Amino acid sequence: MSDREVFNLIFLPGFSTADKVTNISGRGVGMDVVKTNIEKIGGSVDVLSEAGQGTTLKIKIPLTLAIIPALIVSSGAERFAIPQVSLLELVRLEAEQARTGIEMLYGAPVYRLRGQLLPLAYLNREFKLDTAGDAGSGGAVVNIVVLQADGRQFGLIVDEINDTEEIVVKPLGKQLKGITCFAGATIMGDGKVALILDVLGLAQHANVIAEVHDRSLAAKTKVAERVDERQTLLLFNAGQNTRMAIPLSMVARLEEFPRAQIEHSGSQEVVQYRGQILPLIQIANHLPGDGAAVAQSDPMQVVVYSEAGRSVGLVVGKINDIVHEALTVQRNSSRDGILGSVVVQDKVTDLLDVVGIIRKADPAFYGEANKV
Amino acid sequence: MNNTKQFCTFFVNGLFFGVEVLKVQEVIRYQEMTRVPLAPAMVEGLINLRGQIVTAIDLRRRLDLALREPGALPMNVVVRSEDGAVSLLVDEIGDVVEIHDDIYESPPETLKGVARDLVQGVYKLKERLLLILDTEKTVTLNSTGNRLQEPAQILN
């Protein structure tokens, strides 16, 4: 029997070295319980020991519990966690704004957020928390957390906005399951328990979304129609006369670089751009038929595309225009680098497959996962 | 000889209660609690029990007794229930006692209200009566009253 095997004997149930066994201790249960429970959650426990030197216990516990990013807010001296997924933005009203920004509409507080009425709920009132300086009723600062529940928005007024944190979600006992305002609880860094808000449940409790249901549903469908019909496109030339377009939403910036600025990193053409190295992709090289006609203009016209903190420069021939247009015809294409064709300003225009071209030119751009 | 049972005992508003010792996970002193808004009043809050979140139920409110004096800190008797650990807040902890079944009796018919529902039985100790709580029912908050019609037949 190796030393290691001998040490592991302490994890066997009923194994005891105690001289005296009492009701409570010495029964050889403790370490068995430790091992069983750690293994139950998928961890492992190991023991290393040297006589006269000391003992090391290695406990490995997996991080498989549900961890979510959350915003921590306080109201009435209590802390609450709001899952980031339902969070849209934070609005802080100060001084004059704090007094006049919130208007009452038949007793229902609302705030004009960029021209749209945002129904409001006071967290301390909803939860009947006692706050010394009731936020909103003349307090110096009003913090509004704009939340989204079920596709609708509302503002939650809290006393204080603390920080975002990664929290471990723990379920509530059955005694509290009936309260729809909470999704669970978590333990904060200081060891205290904080409740996690269930945004939809809270909105229903505060009656902030039932009222606006129809209205914003109507607004949503209107927006959806508009998105279907109209799109903002950037028009440019690539290679020979091809008329190309990409949705403006994919464009981070438009830049011009003199040809002299091009440097090489391996076989890759790059330029220095805002303290970073921006790889360049010649669009024309990736379009069928235009192989030889790489853009020669100087300075180069570059469309900067960013994704997950990384940028790439797409070198195009000439940037022509930005149009906001209803796309009338859409034809799918099987050509490399082209998503399809649309009619823009009565002319046939090819939609560039930005993602496809970048993936082809630089497979590493979209992260490790795609490379493997 | 073997029909004795062990009970963890405690005091709530002067009454002497017991819970079967096997159902008790641990007994701990007062813990800081996080209040739960909108929760039933009996739920005093949530405590962090070594990383586990445990609901604390105020036994005084649960048993319809007089409220604790402000400033008096309750103790936690953490019991195991079907739904995991739940803490019962009590005034004071007693001993673990070993009692023979001979002195057991089901609760008298005159017992009313919530107590009728939650008290499983009574042990007639020499100096006082020990009321045995049904932990599962005690931690189920909306069960109150639905067993009032049933005769007490919980004799083991």
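## The open sheet in chain B

Let's start with chain B of this predicted model. Six of its strands make an open sheet with mixed pairing, running in the order S8-S1-S2-S11-S10-S9. The edges are S8 (92-100) and S9 (104-105) of chain B, each of which pairs on one side only.

Strands in a sheet pair through backbone hydrogen bonds, in either a parallel or an antiparallel sense. For S8(B) and its partner S1 (residues 4-12) of chain B, the sense is antiparallel, and the pairing covers seven bridges. Look for B:Phe11 and you'll find B:Glu92 of S8(B) standing opposite.

## Where chain B meets chain A

On to the contact between the chains: 20 residues of chain B touch 18 residues of chain A. On the chain B side, the elements that give two or more residues are strands S4 (43-49), S5 (52-58) and S7 (84-90) of chain B. S4(B) gives the most, with four residues.

## A one-faced helix in chain A

Over in chain A, have a look at helix H7 (residues 354-361), where A:Val354, A:Ile357 and A:Ile358 are buried. Viewed down the axis of H7(A), the buried residues fall within an arc of 95 degrees, so they line one face of the helix.

Definitions and conventions. Residues are numbered from 1 along each chain as its sequence is written. Chains are lettered from A and ligands numbered from 1 in the order in which they are written. This is a predicted model: local features need pLDDT of at least 70, side-chain atom pairs count only at pLDDT 80 or more; totals for chains, interfaces and linings use all residues. A residue is buried if 20 or more other C-beta atoms lie within 10 Å of its own, exposed if 12 or fewer, and partly exposed in between; C-beta atoms are placed from the backbone. The arc is that of the directions from the helix axis to the C-beta atoms. Two residues are in contact if their C-beta atoms, placed from the backbone, lie within 7 Å. Two strands pair if DSSP finds at least two bridges between them.
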